[in-house]
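Here is a friendly briefing to read beside the model. Please have the viewer open as you go through the points.

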Amino acid sequence: MSTRLKLISTRAARPQAVLDIKGVSQIFRVAQTTCHALENVSFQAGTGELICILGPSGCGKSTLLKILSGFIAPSAGKVALNGLPVFRPGPDRCVVFQEDALFPWLTVAENIAFGLKGRGLGSQSARQETERFLSLVNLEAFADYLPREVSGGMKQRVALARVLILNPKVLLMDEPFAALDAQTREEMQNFLLALWKKLSHTILFVTHDVAEAVTLADRILVMGKNPGRIRHDIAVTLKRPRMRETDDFHHHCKRLYALLRTGDTGGMQSCQNPRMS
Ligand code: ADP
Ligand code: MG
């Protein structure tokens with residue numbers, strides 16, 4: 001077995017679970033057709049873990065995130081956050097989407113501050129919090145700009161600050177950098193890692209991009225489709241910061257491409273999580 005790329009077992013020591021997903025299935029019925037978007041998906045996310053969910057288009061990644069965020073109820077199975085069932089959206093599980101959903105008529109600072117409304121913070125504390133998060137995403141100089149006046153990468157930084165200010169227990173990200181050009185995308189990945197180091201949130205990050213997953217993740221859940229399932233649960237043991245040009249990085253990517261293509265372990269010893277097969 002490769003020592004660099006390990007498939008981890010359920011018995012491996014993990015940080016305390018914050019999210020617990022058990023036997024989640026999702027069936028969509030449209031007209032005469034039935035789509036098994038997800039089948040028997042189970043995993044736990046430990047506190048402070050950065051997990052990438054990697055899979056081809058249509059394998060149920062967005063559906064899984066919608067279930068975790070509480071936007072849709074699964075056809076079967078359970079989701080619990082810190083032991084409590086998830087039934088509906090809540091500020092403890094915030095989502096950042098590919099297309100920013102900023103309010104176009106509010107400034108950068110007002111967008112970031114928006115979620116604080118109704119939280120009982122005095123105006124001075126709200127201003128201080130907004131300034132803190134403006135500074136965290138390096139946008140102090142753009143506080144009074146409108147979303148249409150800033151770049152795509154900046155908009156996604158506003159989108160991040162806007163949810164992080166709510167201090168979510170879990171940050172759910174659905175291909176948040178997919179619409180950005182390659183260079184901005186890499187900058188945003190580094191930026192997210194720096195923020196994660198500072199704030200230590202638990203992050204579930206959906207992507208169909210192998211290099212993005214290897215850059216970011218502690219752990220990669222590899223999904224397959226028809227039906228949408230988690231096929232492998234992989235620990236990424238590369239040291240951080242991860243350099244894309246190194247052999248180790250390429251080695252990880254190659255293995256993951258093999259997993260995605262064939263659904264098997266590409267000759268590695270399989271420690272596939274039996275709960276996830
Ligand atoms: P991914 O994000 O991995 O591309 P999705 O979760 O968006 O995949 O979709 C998984 C499958 O479920 C696809 O076949 C998609 O067409 C189907 N699907 C998703 N949402 C709905 C819906 N609201 N109604 C019917 N089918 C849906
Ligand atoms: Mg999707």
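Strands here are DSSP runs of E with at least two residues, helices are runs of H or I with at least four, and both are numbered from the N terminus.

The model is predicted, so to speak plainly about its limits: local features need pLDDT of at least 70, side-chain atom pairs count only at pLDDT 80 or more, and totals for chains, interfaces and linings use all residues. Residues are numbered from 1 along each chain as its sequence is written, chains are lettered from A and ligands numbered from 1 in the order in which they are written, and side-chain values use heavy atoms, with hydrogens and water left out.

**The sheet**

- That pair belongs to the antiparallel pairing of strand 2 (residues 17-30) with strand 5 (residues 76-81), which has 5 bridges; two strands count as paired if DSSP finds at least two bridges between them.
- Strand 2 and strand 3 also run antiparallel, joined by 10 bridges.
- Within strand 3, F43 is the residue opposite I21.
- The hairpin of strand 2 and strand 3 has 2 residues between the strands, and A31 takes a positive phi near 50 degrees there.
- Taken together, 4 strands form an open sheet in the order 3-2-5-6, with antiparallel pairing.
- Strand 3 (33-46) and strand 6 (84-85) are at the edges with a single partner strand each, so one side of each has no neighbour in the sheet.
- Helix 1 (residues 61-69) lies across strand 2, strand 3 and strand 5, at about 60 degrees to strand 3. Contact means heavy atoms within 4.5 Å, and axes are lines fitted to C-alpha atoms, for helices over the stretch in contact, with angles from 0 to 180 degrees between N-to-C directions.

**Around ligand 1**

- The residues around ligand 1 (those with a heavy atom within 4 Å of it) include F28, V30, C35, A37, P56 and K61.
- Which residues make polar contacts, meaning pairs of N or O atoms within 3.5 Å? An oxygen atom of ligand 1 is 2.5 Å from a side-chain N or O atom of T63.
- Polar backbone atoms also take part: one of G58 is 2.7 Å from an oxygen atom of ligand 1, and one of G60 is 3.1 Å from an oxygen atom of ligand 1.
- On its own, ligand 1 has 560 Å² of accessible area, and the protein covers 62% of that (Shrake-Rupley method, 1.4 Å probe).
- Strand 2, strand 3 and helix 1 are the elements that each give two or more residues to the shell, and helix 1 gives the most, with 3 residues.
- By class, the shell has 6 nonpolar, 5 polar and 1 charged residues, where Gly counts as polar, and Cys and Pro as nonpolar.

**Backbone details**

- The N226 to P227 peptide bond is cis, with omega near 0 degrees; P227 sits in the loop between strand 10 (219-224) and strand 11 (229-236).
- A cis peptide bond also links R240 to P241, with omega near -5 degrees, and P241 is in the loop between strand 11 and helix 7 (247-262).
- N167 is not a glycine, yet has a positive phi of about 55 degrees; it is in the loop between helix 4 (152-164) and strand 8 (170-174).

Technical notes. Polar contact = N/O pair within 3.5 Å; in protein donor to acceptor, adjacent residues only side chain to side chain.
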